[in-house]
Amino acid sequence: MNSATLRKIAAPVITIVAVLAIWEFLVWFYQLPNFRMASPSDLIPAFVRYWDLFLIKSWETLWRTVVGLGLAVVFGTLLGMVMGFSRIAREGLYPLLVGFNAIPKATVVPIVALMFVGQHDFNTILIAFMISFFPIAVSVSIGLSTLEPEYRDILRSLGASNFTIFWKIALPKTLPEFFGALKVAVTLAFIGTNLMEIVSPHGRGLGDLFDSGRISADYPLMFAVLFALAALGIFLFYIVVFLERIFAGWAERAPN
Amino acid sequence: MTSPFQIELRDVTHAYRTDAGPLPVLDKLSIRMEKNSFTAVVGPSGCGKSTLTRLVSGLMRPDEGEVWLSGQRVTSPRPTVGMAFQNPVLLEWRTILQNVMLPLEIVSTGMSKSEQVDRAMGLLKLVGLEGFEEKRPSELSGGMRQRASLCRSLVHNPEVLILDEPFGALDAFTREDLWQTMHDLREIEPFTCLLITHDLRESVFLADQVVVMSGRPAHAQYTMDVDISGKRTLDDLYTPKAVEMLAILRHQIQVAQGRASSVDAPLDGHPTKAEIGAGA
């Protein structure tokens, strides 16, 4: 292992350990009871006791988040394409989209839960989708609408079709913006899934585990759920980073 | 009726539609270019020079008048044209070689894959980019990127090369290097070239014919034949004859800008071989 790889792994690990140590110290120093602030060492028993539940609930949260995000990617990209290529569509859709995005999704949860009573997985995916497609649509539309005309002209002057121009130039050129938005969207989708799980409890996902911690006054469990959520978020985020390296690695400048 | 010229613009008139009403840019512009000749078009800023390139390449159609290319009316883009712009517009996600080969993915040339690679590599070698095939555009200097862009515009063997100020953003030495490269390229494989430029020295050094466009709406105000025989070198720009040609062109630009009247002779008493262009 060379020093660069070592640094890449060691730096975040040391930072996390340091933060946990400070946290532990502060809780001990102020002698906080665990219903006010659980310390990291309180969480270990919670994880040990409920590890099977953590696995099941994490999986429920994870797959619904990923499906919602997947839908957001497809829909957001299509919408972004429409807005990127057509000025009328852009001008017409923007206020609507901004307005929709401004609505706190926590207020939408009960509405969705009533609209599709009992369709818990569907509802959860729907909220994850609704909260995360906006940045994707906006970034794709900006990427496409700011394509310099010369880029289009070099292919158009050879008689290339609009589809060829999109496929060979517009699409790859938009990938860095797309992945930037996807990094935002991936955490948003998580928030969406958990909103549904917590605001409209239906016995699934980490949100449900959080809720049962709240009901049974098991505060270390609630904190442990937050940790599990953070871990899942990091996991998904780095999958996106990995994909970005593969598909848009060219946009990253070599370090000088 | 057809056109015996490689490129002919016949009384081309064009206006852009803007919010403030139509903006006329070209007014009965006529230019003729022989096969394998080199024409440079100079003129004041905003006189419609870039519009001219878009009309010849078929990216746009004129309101009135006709554009002919290889004996055919231009109504849409055609693969026998190559284009390069001031911005080299290389695709950052492709290597230099893949960038140069881009037109071959659109235009069918009947070349096999290995012939295509050979063709692209040959051009890269010609412009001095040998060894940079696998680099990304971001790793190259501005001049090198422009060289790669030139290779891309020529890789599909176009009959006509249209250059819209390709050397405009380069430093003086790089620019002069590239002028020489242009001569080298034409010597090896002849093509008809239409160059838009702001640089009068560039126009005289490269072209067989320099067209001065008038201010907007533009017509061909003045046409000068550049008859420097033999292989041109930069020294040819400092002969009395070249200096005189530059003085005439400078004067014509001032006329086009409305800063001088056409009766003021640029150099007293010197008759010139230049002829007043059509439509002037």
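1. A:Ala217 is a reasonable place to begin, since with a relative accessible area of 43% this residue counts as partly exposed (buried means under 20% relative accessible area, exposed over 50% and partly exposed in between, with a 1.4 Å probe and protein chains only). A:Ala217 sits in the loop between α9 (205-215) and α10 (219-248) of chain A, where helices (H or I, at least four residues) and strands (E, at least two) are DSSP runs numbered from the N terminus. Its phi is near 55°, a positive value in a residue other than glycine.

2. On the basis of the note: this is a predicted model, in which local features need pLDDT of at least 70 and side-chain atom pairs count only at pLDDT 80 or more, while totals for chains, interfaces and linings use all residues. Residues are numbered from 1 along each chain as its sequence is written, chains are lettered from A and ligands numbered from 1 in the order in which they are written, and side-chain values use heavy atoms, with hydrogens and water left out.

3. For chain A, an unreviewed UniProt entry places the feature "transmembrane region" at several spans, among them residues 9-30 and 124-147; such positions are given in the numbering used here, feature names are shortened, and annotations may be inferred rather than shown by experiment. In the model, residues 9-30 of chain A are 95% helix and 0% strand, with end C-alpha atoms 32 Å apart, and residues 124-147 of chain A are 92% helix and 0% strand, with end C-alpha atoms 36 Å apart.

4. For chain B, the record, again an unreviewed UniProt entry, places "domain: ABC transporter" at residues 7-240. Over this span chain B is 30% helix and 27% strand, and the end C-alpha atoms lie 32 Å apart.

5. Helix α4 (residues 113-126) of chain B has 14 residues and reaches 20 Å from its first C-alpha to its last, close to the 20 Å expected at 1.5 Å a residue (the expected span is 1.5 Å times one less than the number of residues). Which residues of α4(B) are buried? They are B:Gln116, B:Arg119, B:Ala120, B:Leu123 and B:Leu124, and because they cover an arc of only 130° around the axis, they fall on the same side of α4(B) (the arc is that of the directions from the helix axis to the C-beta atoms). On the other side of α4(B), B:Asp118 and B:Lys125 are exposed. The buried residues pack against α2 (96-100), α3 (102-106), α5 (142-154) and α6 (172-188) of chain B.

6. Chain A and chain B bury about 1900 Å² between them, 70% of it on carbon and sulfur atoms; buried area is the accessible area (1.4 Å probe) that two parts lose on being put together, summed over both. The contact takes 17 residues from chain A and 24 residues from chain B, contact meaning heavy atoms within 4.5 Å.

7. The structure holds 23 salt bridges over all chains, a salt bridge being a side-chain nitrogen of Lys or Arg within 4 Å of a carboxyl oxygen of Asp or Glu. Across the interface of chain A and chain B the rule finds two, and one pair crosses between chains from B:Arg54 in helix α1 (residues 49-56) of chain B to A:Asp153 in helix α7 (residues 149-156) of chain A, with the closest N and O atoms 2.5 Å apart. B:Arg54 is partly exposed at 23% relative accessible area, whereas A:Asp153 counts as buried at 7%.

8. Within chain A, A:Asp121 forms a salt bridge with A:Arg204, the closest N and O atoms being 3.0 Å apart. This pair links distant parts of the chain, 83 residues apart, with A:Asp121 in helix α6 (residues 120-145) and A:Arg204 in the loop between α8 (162-199) and α9 of chain A. Within chain B, the side chains of B:Arg175 and B:Asp199 meet in a salt bridge of 3.1 Å, N to O.

9. Two backbone points in chain B deserve a look. B:Glu165 has a positive phi near 45° although not a glycine, and lies in the loop between β7 (160-164) and α6. A cis peptide bond joins B:Arg216 and B:Pro217, with omega about -10°, and B:Pro217 lies in the loop between β9 (209-213) and β10 (220-225) of chain B.
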